[in-house]
Amino acid sequence: MEEITWNDFEKVELRAGTVLEVFDFPEARKPAYKVKVDFGELGIRMSSAQITALYTKEELVGKQIVGVVNFPRKQIGKFMSEFLVTGFADENGDIVLTTLNGKVPNGSKLC
């Protein structure tokens, strides 16, 4: 593992956002949802997330998640992803979302 400096870490904009809507993404190569997330002053952004194994669309709405908001936009098929949803792979390789235990303002930066 390569070590980074504090300045390197500060460049990554890890922000809290609330899931507003979740849509099916049947065109994705692997099962995924399209998620619409409110990042407060940074605006509402869309991304795709391969989280269908552990989450239903209904339980995701209202959940606060952590996203990287300063990556360039990425084309995924006909869909444009505007941030990176973060999570960890469990023992089966399914993604467990990075979520918050308590509420913070949307757009709050990880510190």
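Let me start with burial. Buried residues make up 34% of the 111 residues in the chain. Buried here means under 20% relative accessible area, exposed means over 50%, and partly exposed lies in between, with a 1.4 Å probe and protein chains only. Keep in mind that this is a predicted model: local features need pLDDT of at least 70, side-chain atom pairs count only at pLDDT 80 or more, and totals for chains, interfaces and linings use all residues. Residues are numbered from 1 along each chain as its sequence is written, and side-chain values use heavy atoms, with hydrogens and water left out.

Now the overall build. The chain has two helices and nine strands. Helices (H or I, at least four residues) and strands (E, at least two) are DSSP runs, numbered from the N terminus. Read from the N terminus, the order is α-β-β-β-α-β-β-β-β-β-β.

What does the C-alpha trace span along its principal axes? About 40 × 30 × 30 Å.

Next, contacts, meaning heavy atoms within 4.5 Å.

On to the cores. In soluble globular proteins, nonpolar side chains tend to be buried together. A nonpolar core here is a set of buried Ala, Val, Leu, Ile, Met, Phe, Trp, Tyr and Cys residues joined through side-chain atoms within 4.5 Å. The largest one has 15 residues, and Leu-60 and Phe-83 have the most contacts inside it. Two elements give two or more residues to this core: strand S1 (14-24) and strand S2 (33-38). S2 gives the most, with three residues. Apart from this core lies another, of five residues, including Phe-25, Ala-32, Met-46 and Phe-79.

Which residues does Leu-60 contact, leaving aside its neighbours within four places in sequence? Val-19, Val-22, Tyr-33, Ile-51, Tyr-55 and Leu-97.

Now Val-37, in strand S2. Its relative accessible area is 0%, so Val-37 is buried. Beyond four places in sequence, Val-37 is in contact with Gly-17, Thr-18, Val-19, Leu-20, Gly-43, Ile-44, Arg-45, Ile-65 and Phe-83. Val-37 and Glu-21 are 16 residues apart along the chain, and their C-alpha atoms are separated by 7.3 Å.

Thr-18 is on that contact list. Thr-18 sits in strand S1. Its relative accessibility is 14%, so Thr-18 counts as buried. Not counting residues up to four places away, Thr-18 touches Lys-36, Val-37, Asp-38, Gly-62, Lys-63, Gln-64 and Asn-106.

Gln-64 comes up again with Gly-102. The two are 38 residues apart in sequence, yet 8.7 Å apart in space, C-alpha to C-alpha. Gly-102 lies in the segment after S9. Its relative accessible area is 41%, so Gly-102 is partly exposed.

Two loop residues next. Thr-56 is in the loop between S3 and helix H2 (57-60). Is Thr-56 buried, exposed or partly exposed? Partly exposed, at 37% relative accessibility.

Glu-91 lies in the loop between strand S8 (87-89) and strand S9 (95-97). Its relative accessible area is 72%, so Glu-91 is exposed. Glu-91 and Asn-101 are ten residues apart in sequence and 22 Å apart in space, C-alpha to C-alpha.

Last, the largest pocket. It holds about 520 Å³ of space. A pocket is an open set of points on a 1 Å grid over the protein atoms alone, where a 1.4 Å probe fits, with protein on both sides within 12 Å along at least five of seven lines; lining residues have an atom within 4 Å of a point. The volume is the space filled by probe spheres set on the points.

Of the 24 lining residues, the closest to the pocket centre are Ser-48, Ala-49, Gln-50, Lys-74 and Ile-76. Strand S3 (44-49), strand S5 (74-76) and strand S7 (84-85) each give two or more residues to the lining. S3 gives the largest share, three residues. By class, the lining has twelve nonpolar, five polar and seven charged residues. Ala, Val, Leu, Ile, Met, Phe, Trp, Tyr, Cys and Pro count as nonpolar, Asp, Glu, Lys and Arg as charged, and the others, Gly among them, as polar.
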